[in-house]
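Open the model in your viewer and keep the selection tool at hand. The stops below go one at a time, each with something to select.

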Amino acid sequence: MALGSALWTVMTGAASKAARTMKRDFGEIEQLQVSRKGPSDFVSAADLKAEKTLRTELEKGRPKFGFLLEESGEIQGADKRHRWIIDPIDGTTNFLHGIPHFAISIGLQMDEEIIAGLVYNPVTNEMFYAEKGKGAFLNDHRLRVSARSDLGDSIIATGIPFRGIPGHSSFLNRLERVMKVTAGVRRMGTASLDLAYVAAGRYDGFWEVGLKPWDIAAGLLLVQEAGGFISDIEGGRTMLATGDVVSANPRIHGPLLGLLKDN
Ligand code: IPD
């Protein structure tokens, strides 16, 4: 059982501590929206504060592990086999706009493999957690991907490239192919939660390209441990290196991959 394990205690403890301050900061955003300077500096500060808390707490629990942090980059640990991959606030744009859909994402990598993952939305208090070989959980419930087998009944989530990000026309081509044959497409703006929602069977599939390791490390394991399939856009296993992700329940993954491949 993953819940209650030593790792779970370390990871949930760190996330809960960072979340307390993050929730207070999020509460300030509404007032800051109207100020002329805008809330971006405030959000960067909130991001850094959360990252520092997570690092400090995880170091207390596992002093020798290294880190790959969204804000501070790579930090080598004495233990070269283990590192934490962390996004303190995934969904920063949502946070900035006062949209309560963002998450703390913590993945634990051992050698080339992700062996534990946590995605926590402090506003809804939904804590998604998985350990390799021990299943995926939402709070204390076991997770299972959806059982839908027909793309026509399926909800597929994605991420849309924005200003300064390449691939706008390639995205539109893929979207057109997907939207024509599915029950709907969603773009919520937090990749770690998109993957957690696939694990929870809320979405039947999710794809996005060009993500960063800290957006997806934890979510990849959540999907796998909930019985889902995950690959890059060619069907390979380069997700962490390329940032390209196609994840879905086992019945939908093949057909979704087929739609997304450029011929
Ligand atoms: C972003 C979110 C978003 C995705 C972007 C990411 P950030 O992460 O995960 O859903 O579409 O590509 O950059 O910047 O909020 O940590």
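Predicted model: local features only at pLDDT ≥ 70, side-chain atom pairs only at ≥ 80, totals over all residues.

Residues are numbered from 1 along each chain as its sequence is written, and side-chain values use heavy atoms, with hydrogens and water left out.

Next, select residues 191–199, which form α5. Helices here are DSSP runs of H or I with at least four residues, strands are runs of E with at least two, and both are numbered from the N terminus. How many residues of α5 are buried? Nine of its nine are, where buried means under 20% relative accessible area with a 1.4 Å probe, protein chains only. Among them are D194, Y197 and V198.

H101 is buried, at a relative accessible area of 7%. Leaving aside residues up to four places away in sequence, H101 touches G91, N94, N121, M188, T190, L193 and Y197; a contact means heavy atoms within 4.5 Å. Of these, L193 and Y197 are buried residues in α5.

Now select M11, L58, W84, F95, I104 and I106, the residues with the most contacts inside the largest nonpolar core, which has 36 residues. A nonpolar core is a set of buried Ala, Val, Leu, Ile, Met, Phe, Trp, Tyr and Cys residues joined through side-chain atoms within 4.5 Å. Elements giving two or more residues to this core include α1 (6–32), α2 (40–61) and β3 (79–90). The largest share, 10 residues, comes from α1.

Stay on F95 and show its surroundings: F95 touches M22, D25, F26, I29, V43, A46, I89 and F102, again not counting residues up to four places away in sequence. Then select L68, A103, F206 and I230, which are included in a second, separate core of 35 residues.

Finally, zoom out to the whole chain. Its secondary structure comes to eight helices and 13 strands. Along its principal axes the C-alpha trace spans about 50 × 45 × 30 Å. Of the 263 residues, 53% count as buried. Contacts between residues 24 or more positions apart make up 62% of those with a separation of 6 or more.

Methods: Buried < 20%, exposed > 50% of the residue type's maximum accessible area, 1.4 Å probe, protein only.
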